[in-house]
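Reader: I have a model open and a few quick things to ask. Can we go through them one by one?

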Amino acid sequence: MENKQITYTPLTKDKDLDRLIEEVGDSRIVMLGEASHGTSEYYTWRTAISKRLIEEKGFQFIAVEGDWPECYAVNRFVKGYQNSGSKIADVLQVFRRWPTWMWANWEVAALMEWIRDFNHLRTVNDKIGFYGLDVYSLWESLEQVLKYLEQNDGQAVEAARSAINCFEPYNRDPQVYAQSTAFVRSDCEDEVIGMLQRIIKSPVHTGDIEHDFNTQQNALVAVNAEKYYRTMVKGGAASWNVRDSHMMETLDRLLDLHGPDSKAIVWEHNTHIGDARFTDMADDGMYNIGQLAREKYGKEQVKLVGFGSYEGYVIAGNSWGAPMQKMEVPPAQPGSWEEILHSISDENKLILSKDLINIEGLAKRRIGHRAIGVVYNPKYEAFGNYVPTVIPERYDAFLYFDETDAVHPLHMKPRGTKEPELYPWNY
């Protein structure tokens with residue numbers, strides 16, 4: 001493969017995204033990736049793309065790799081609901097679970113302020129939303145369901161109390177719960193499913209459609225979180241698939257909530273949005289939300305955009321629950337996708353996959369493609385931070401940055417540092 005065959009658009013300003021916006025066309029779903037959870041350029045350029053999709057293409061909400069309850073609090077803020085907060089920096093304090101910097105950062109704060117301003121003169125049904133797709137908020141979701149039912153449905157409240165009481169012996173620690181179910185068939189699956197069925201069977205209508213949806217979604221999170229934690233302790237691909245299936249189910253529900261012509265922007269790590277069928281993840285029986293969306297809605301309706309960089313800095317921790325720190329990201333490994341793009345020039349680049357599909361050496365061969373999690377050690381990068389990838393099949397487009405800086409966190413004390421030991425690969 002000759003690197004000079006790769007054509008690209010230099011990426012310096014918003015106007016340079018024109019080819020990408022044209023490539024999106026009439027697609028219903030655009031998924032924007034990231035090669036780490038702590039790189040400023042990934043957030044700022046996803047923001048630039050998202051603004052244009054909202055303004056020019058009528059996209060209605062952003063759904064992210066974050067927990068539902070915390071993101072829903074931000075959603076209420078950007079839509080200007082009563083008692084939802086007045087300053088975004090204060091509202092983002094809701095992200096207390098490690099790694100806090102993923103969503104509690106100044107790059108996200110800037111986007112949320114923009115969305116709030118954009119929403120100001122729009123009707124309730126036309127306001128842009130912000131939602132979490134992830135599955136980790138077992139306790140928070142259970143508590144929100146109980147609070148809602150205590151206020152609105154005295155008959156269903158006992159189902160929620162039964163579910164919470166079942167988890168109480170595990171001291172709010174999903175790891176303890178998961179480990180206990182590995183040896184003794186004593187779990188809370190029936191309780192959380194019973195709670196969800198009770199809510200679905202007799203839904204409460206308060207006049208706030210989104211708030212009622214929030215309760216059903218929290219019940220669904222509890223069901224799938226219980227399944228995730230119970231599956232995680234067994235190892236293998238099953239827990240990853242539970243997680244991405246939940247994210248896809250949540251995306252489907254949000255699209256239905258917003259109507260038949262709704263359009264969604266998704267922000268997640270490349271390992272989730274890049275079609276898993278064209279990586280070594282498929283060899284292990286893993287799939288992800290990017291693959292599931294393409295399979296359900298069709299490739300023309302789903303655009304997957306990967307992100308990556310050659311070197312720079314990132315926010316991460318050297319172990320789970322460790323203090324966040326700014327780490328240096330070394331130059332990409334020889335022969336990797338990032339090194340190939342660097343060898344062409346040190347320009348930032350926008351690349352469309354349709355321009356790569358006929359290049360020998362790229363169309364079929366798996367090439368190492370860097371992926372950095374929230375736990376990171378640059379010294380061992382060559383042994384676990386590259387995903388073999390058929391680039392033009394995994395994505396529809398790719399944004400490359402030659403040198404990047406770390407995201408700018410809102411500094412806060414994280415909560416629940418034991419729980420995330422169950423996150424697979426930290427992505």
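Predicted model: local features only at pLDDT ≥ 70, side-chain atom pairs only at ≥ 80, totals over all residues.

Reader: Where do Cys166 and Cys188 sit in the chain?

Author: Cys166 is in helix α7, residues 157-167. Cys188 is in the loop between α8 (174-183) and α9 (189-201). The two are 22 residues apart, so the pair links distant parts of the chain.

Reader: Which hand does the disulfide have, and why?

Author: The disulfide is left-handed, because the torsion about the S-S bond of Cys166 and Cys188 is about -90°.

Reader: Are Cys166 and Cys188 buried or exposed?

Author: Both Cys166 and Cys188 are buried.

Reader: How many disulfides turn up in the whole structure?

Author: A search of the whole structure gives one.

Reader: And Cys71, buried or exposed?

Author: Buried. Cys71 has a relative accessible area of 0%, and the cut-off for buried is under 20%, so Cys71 qualifies.

Reader: New topic. Where is Val124?

Author: Val124 lies in the loop between α5 (106-119) and β4 (129-134).

Reader: Is Val124 buried or exposed, and why?

Author: Exposed. Val124 has 54% relative accessibility, and exposed means over 50%, so Val124 counts.

Reader: What separates the C-alpha atoms of Val124 and Gly80?

Author: The separation is 9.4 Å, for residues 44 apart along the chain.

Reader: On to cavities. How many of 30 Å³ or more?

Author: The count is two.

Reader: Which residues line the second largest cavity?

Author: Among them are Ala35, Ser36, Thr39 and Tyr42, along with Ser309, Glu311, Gly312 and Val314. The lining also includes Val329, Arg370, Ile372 and Thr404.

Reader: What kinds of residues are in that lining?

Author: Five are nonpolar, five are polar and two are charged.

Reader: Which strand gives the largest share of the lining?

Author: Strand β6, residues 302-316, gives four residues to the lining of the second largest cavity.

Reader: Last one, helix α2. How many residues does it have, and how far does it reach?

Author: Helix α2 covers residues 40-57 and has 18 residues. From first C-alpha to last, α2 reaches 25 Å, close to the 26 Å expected at 1.5 Å a residue.

Reader: How many residues of α2 are buried?

Author: In α2, 13 of the 18 residues are buried, which leaves the helix mostly covered.

Reader: What follows α2?

Author: Gly58 does, and Gly58 has a positive phi, near 75°.

Note on methods:
Residues numbered from 1 in each chain as written. Heavy atoms only, no water. Disulfide = S-S within 2.5 Å. Buried < 20%, exposed > 50% of the residue type's maximum accessible area, 1.4 Å probe, protein only. 1 Å grid on protein atoms, 1.4 Å probe; cavity = no way out; pocket = protein on both sides within 12 Å on 5 of 7 lines; lining within 4 Å. Points joined across faces, edges and corners; volume = space filled by probe spheres on them. Nonpolar A, V, L, I, M, F, W, Y, C, P; charged D, E, K, R; others polar. Expected span 1.5 Å × (residues − 1).
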